Amino acid sequence: MLAHSAIASLFSLPIVLTTSAETGPNGPLPKEILSMYPSAPLIRRNGEVDAWDNPSFRSAVRAQNKSQIILGGITTDVCTEFLALSLRAEGYTVFANTQASGTFDGMLAGDANRRMEGAGVVLQGTFAVVMDLMRDWRNVPGSREVLPWLDRYLPAYGFVARGHEKAVLNGTLVPGEEGL
């Protein structure tokens, strides 16, 4: 969830934060997320499970004036799925980060993902979301900004990038790698 939350900062995307029953079963948003976006709209819902059912949340999303939404939630089969389906019904293009939520077992996640995909929601993992937004390593943000982000939030890719850096620096590139 922290990696997903940090995507907006990396790409200067507008963000709307929300909680459901903050003093109840789900609790508040993690302080790490709140500290990333101290001035972002934070909609404290009174218990609505589908965030779109809250008029303040709908207004905050509409105020961003965007037609594409990237989302994640606490649970795939409720928080993410319900909002994704509501946004699709409103005509938004929706990208659900499948690594930004979880659920109680694989069957429930699969059911939710099939339902979202059937409604036209684009399912992507964190790496795919970031690459889709970046599009080209030469862009800004590009390799200079994205590689440190990947090293922090997706360390497996950071290992690959650091290995490549070492090969460049010590002259041990394998044939075909020099043009990358």
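Which side chain makes a polar contact with the side chain of T76? I looked it up and found S101, at 2.8 Å. I count a polar contact as a pair of N or O atoms within 3.5 Å, one able to donate a hydrogen and the other to accept it; residues adjacent in sequence count only if both atoms are side-chain atoms.

Ground rules. The model is predicted, so I take local features at pLDDT of at least 70 and side-chain atom pairs only at pLDDT 80 or more, while totals for chains, interfaces and linings use all residues. Residues are numbered from 1 along each chain, and side-chain values use heavy atoms, without hydrogens or water.

T76. I placed T76 in helix α4, residues 76-89 (helices are DSSP runs of H or I, at least four residues; strands are E, at least two). T76 counts as buried because its relative accessibility is 5% (buried is under 20%, with a 1.4 Å probe and protein chains only). Beyond four places in sequence, its contacts (heavy atoms within 4.5 Å) include G102, T103 and M116.

Cores. I then checked the largest nonpolar core, which has 16 residues (buried Ala, Val, Leu, Ile, Met, Phe, Trp, Tyr and Cys joined through side-chain atoms within 4.5 Å). Helices α3 and α4 and strands β3 and β4 each give it two or more residues. A second, separate core has 14 residues, including F11 and M131.

Helix α1. I found seven of the nine residues in α1 (2-10) buried. Among them are H4 and I7. Their cover includes α2, β3, β4, α6 and α7. Just after α1, S12 takes a positive phi of about 50°.

Notes. Buried means under 20% relative accessible area, exposed over 50%, partly exposed in between (1.4 Å probe, protein chains only).
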